[in-house]
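Please keep the sequence and the model at hand while working through them.

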Amino acid sequence: MPTIFTHAVVPLAVAAAAGGARISPKLAAAGAVFAILPDADVAGFALGIEYADEWGHRGATHSIAFAGICAGGLALVWREARSLTAFLFLTFAMASHGLLDTLTSGGLGAALWWPWDNTRIFAPYTPIRVSPIGLNFFSARGLATLMSELKWVWLPCLAFALAGWGVRRAIRTHAA
Ligand SMILES: [Zn+2]
């Protein structure tokens, strides 16, 4: 997995690009949490669930369908999540986690198409280094992971957020 902060950056960049009027700060924060949640599946290791199992690490929780189910579930209990924009944003936020994981060079791929297909998928190109788990993170390998995430996730996200902000500003100026 990329580190959790890196997963959170993706929905936050989309929220920043779209602007607070479309995606409120509360919704953006929920998106950040949604982007991190799929890795809670590592708790399954303690329960004897194997990595490659349907509900193992990078299994069902990393699918696009699961993201949609969670976004729908949150809408049932939280008013802020009850709009098409919120639903699409939250689904994207969680699905982006599995998508990013397919770009990593280690472990098993993500089961993006669960429940129709449990195949663990990798993207054709896997430039992101897989993050060492736990304290091993503070090592040369951890640093290499961070650098690859900066290059392949943080920078593009920053560019995307700035571009969105620029477009919104240009439209506002034009309208004024
Ligand atoms: Zn993951």
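**Exercise 1.** Which residues does Leu-90 touch, not counting residues up to four places away in sequence?

*Solution.* The model is a predicted one. Leaving out residues up to four places away in sequence, one finds that Leu-90 touches Ala-30, Gly-31, Phe-34, Ala-71, Leu-74 and Ala-81.

**Exercise 2.** Determine how H2 is oriented relative to H5, and describe their contact.

*Solution.* Step one is the geometry: the axes of helix H2 (residues 25–36) and helix H5 (residues 84–101) come within 7 Å, and they cross at roughly 30°. Step two is the classification: angles under 35 degrees count as roughly parallel, and H2 and H5 are therefore roughly parallel to each other. The crossing in which H2 passes H5 is right-handed. Step three is the list of residues: H2 contributes Leu-27, Ala-30, Gly-31, Phe-34 and Ala-35, while H5 contributes Ala-86, Phe-89, Leu-90, Ala-93, Met-94, Ser-96 and His-97. Sorted by class, the residues of this contact between H2 and H5 comprise 9 nonpolar, 3 polar and no charged.

**Exercise 3.** Carry out the corresponding analysis for H4 and H5.

*Solution.* The axes of H4 and H5 are 8 Å apart, and the two helices pack at an angle of about 135°; H4 and H5 are therefore oblique to each other. Here, too, the crossing is right-handed, with H4 passing H5. On the H4 side the contact is made by Ile-64, Ala-67, Gly-68, Cys-70, Ala-71, Gly-72, Leu-74 and Ala-75, and on the H5 side by Phe-87, Leu-90, Thr-91, Met-94 and Ala-95. The contact of H4 with H5 contains 10 nonpolar, 3 polar and no charged residues.

**Exercise 4.** Is Gly-68 buried, exposed or partly exposed, and why?

*Solution.* Gly-68 lies in helix H4. A residue is buried if 20 or more other C-beta atoms lie within 10 Å of its own, and exposed if 12 or fewer do; because Gly-68 has 17 other C-beta atoms within 10 Å, Gly-68 is partly exposed. Gly-68 and Phe-92, although 24 residues apart in sequence, are 8.2 Å apart in space, C-alpha to C-alpha.

**Exercise 5.** How many residues has the largest nonpolar core, and which elements give two or more residues to this core?

*Solution.* The largest nonpolar core has 34 residues, and those with the most contacts inside it are Val-10, Val-14, Ala-35, Phe-89, Leu-90, Ala-93 and Met-94. Two or more residues come from each of helix H1 (4–18), H2, helix H4 (64–77), H5 and helix H6 (140–175). H5 supplies the largest share, 8 residues.

Conventions. Residues numbered from 1 in each chain as written. Predicted model: local features only at pLDDT ≥ 70, side-chain atom pairs only at ≥ 80, totals over all residues. Axes fitted to C-alpha atoms, helices over the stretch in contact; angles between N-to-C directions. Helix = DSSP H or I, 4+ residues; strand = E, 2+ residues; numbered from the N terminus. Parallel < 35°, antiparallel > 145°, perpendicular 65-115°, else oblique. Left-handed = near helix turned anticlockwise from the far one by under 90°. Contact = placed C-beta atoms within 7 Å. Nonpolar A, V, L, I, M, F, W, Y, C, P; charged D, E, K, R; others polar. Core = buried A, V, L, I, M, F, W, Y, C linked by C-beta atoms within 7 Å.
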